[in-house]
Amino acid sequence: MKKLIKRLWFQVILGMILGVCFGLLLSPSAFALVSSETAFKIAPWIALIGNIFLALIKMIVIPLVLSSIILGITSAKSVEILRKMGLIIAPYFIFSTLFAVTLGIIITNLINPGSYISSNLINQISIVNVEVEKEVQNISIPDLIVDLIPVSLAKAELSGNILAFVILAIFAGVALINLKEEQSKPLIDLAKSLQAFSMKIVEWAMKLAPYAVFGLICSITIKIGFDAISSMLMYVFTVILGLFLVLCFYLSIVYLVSKMKPMEFLEKIKEVQLMAFSTSSSAAVMPLSIKTAEEKLNISPSISKFVIPLGSTINMDGTAIYQACAAIFLAQVFAIELSFFELFILAITTVGASIGTPSIPGVGIVILATIL
């Protein structure tokens, strides 16, 4: 039992359960042990340690992404090996994201969760006509491609554009692998030091993870209670079903490529899955993903340190399926018919948006607004 308690995944699960229970006790729409005013004042303080945890991850994610991708590329040792890896990874990322979006569109249309929302709840939503001024910029596709190159890193950091730093790291890694060893060694050594520094900060942050999970889940439970959840159960079921089907798709690929049985694979990555689920951040789980890939799945560091930071930034299939489901669900709630062409545009837009979504929690809502 003592060994179990020391396991990070067990502590995270315990934090999640206690967070929900404690949140329901304080929530005005559940057991309401305290007044609603007091509960809403307590919630930010309970979430404090969770927000500190996420702030630490946000603080360190850019140096971690930069150093990991640079070291991943340079450890390939050969431009030819790197080219082969890129020709496999890029199509896979796009295909898997497109698969997730298409799956989300299909199951949401089949289940039709919008029809399960009561008319009373819809009537409570006040729609106010607000005049919005928006500057429309006619940007061509060539201009969009040029804009991918990070001209201003300060601007990219302020806007949370992790993709800009991924592209910078790829350029840096490819340039270093083409230099002579005596020319590239100082910068590679710097990247190693930067990664070690980043991992040490992450190691400290991970000690807060169970308490962070408790605080964040307790805080959100206080705010939404049971009523909001129960009225959205069919939508929640639709998204979870979509995520489960995507997981089955991944497990099929793992079995076909490595012959590893699904349960064996899930056993080895359980800590990564729990941490990702509880923090809603691929950036937060990235160091643990790299460690698990290398130590439990025996993946080469040259692959793990290149693919995982890249994938955690531009291969967000969970975000993609959620955004597709949410967009169609809202259309169903307000009885808006979407044509096949509009669904096709939605799919392409969602794929593009998921690639550009920063790997930190809560940003998916902002991206969803763009898709809508």
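These legends go with close-up views of a predicted model. In this model, local features need pLDDT of at least 70 and side-chain atom pairs count only at pLDDT 80 or more, while totals for chains, interfaces and linings use all residues. Residues are numbered from 1 along each chain as its sequence is written, and side-chain values use heavy atoms, with hydrogens and water left out.

**View A. Helix 15 against helix 16.** Here helix 15 (residues 282-295) packs on helix 16 (residues 301-314) at an angle of about 160°, and their axes are 10 Å apart. (Helices are DSSP runs of H or I with at least four residues, numbered from the N terminus; axes are lines fitted to C-alpha atoms over the stretch in contact, and angles run from 0 to 180 degrees between N-to-C directions.) That angle is why helix 15 and helix 16 are roughly antiparallel to each other, a label for angles over 145 degrees, with under 35 being roughly parallel. Their crossing is right-handed, meaning that the near helix is turned clockwise from the far one by less than a right angle. On the helix 15 side, Ser282, Met286, Ser289, Ile290, Ala293 and Glu294 meet Pro301, Ser304, Lys305, Ile308, Pro309 and Ser312 of helix 16. Sorted by class, this contact of helix 15 with helix 16 has six nonpolar, four polar and two charged residues.

**View B. Helix 5 against helix 16.** Helix 5 and helix 16 pack at about 25°, with axes 12 Å apart. So helix 5 is roughly parallel to helix 16. The contact takes in Met85, Ile89 and Phe93 from helix 5, plus Ser302, Ile303, Phe306, Val307, Leu310, Gly311 and Ile314 from helix 16. Its residues divide into eight nonpolar, two polar and no charged.

**View C. Helix 5 end to end.** Just after helix 5 comes Asn112, with a positive phi of about 55°.

**View D. Ser27 in its loop.** Ser27 sits in the loop between helix 2 (8-26) and helix 3 (36-46). Its relative accessibility is 0%, so Ser27 counts as buried (under 20% relative accessible area with a 1.4 Å probe; exposed is over 50%, partly exposed in between). Setting aside neighbours within four places in sequence, Ser27 is in contact (heavy atoms within 4.5 Å) with Ala32, Thr221, Ile222 and Gly225.

**View E. Leu56 on helix 4.** Leu56 lies in helix 4 (residues 48-74) and is partly exposed at 25% relative accessible area. Leu56 and Val202 are 146 residues apart in sequence, but 7.7 Å apart in space, C-alpha to C-alpha. Leaving aside neighbours within four places in sequence, Leu56 is in contact with Ala205 and Leu208.

Methods
Helix = DSSP H or I, 4+ residues; strand = E, 2+ residues; numbered from the N terminus. Parallel < 35°, antiparallel > 145°, perpendicular 65-115°, else oblique. Nonpolar A, V, L, I, M, F, W, Y, C, P; charged D, E, K, R; others polar.
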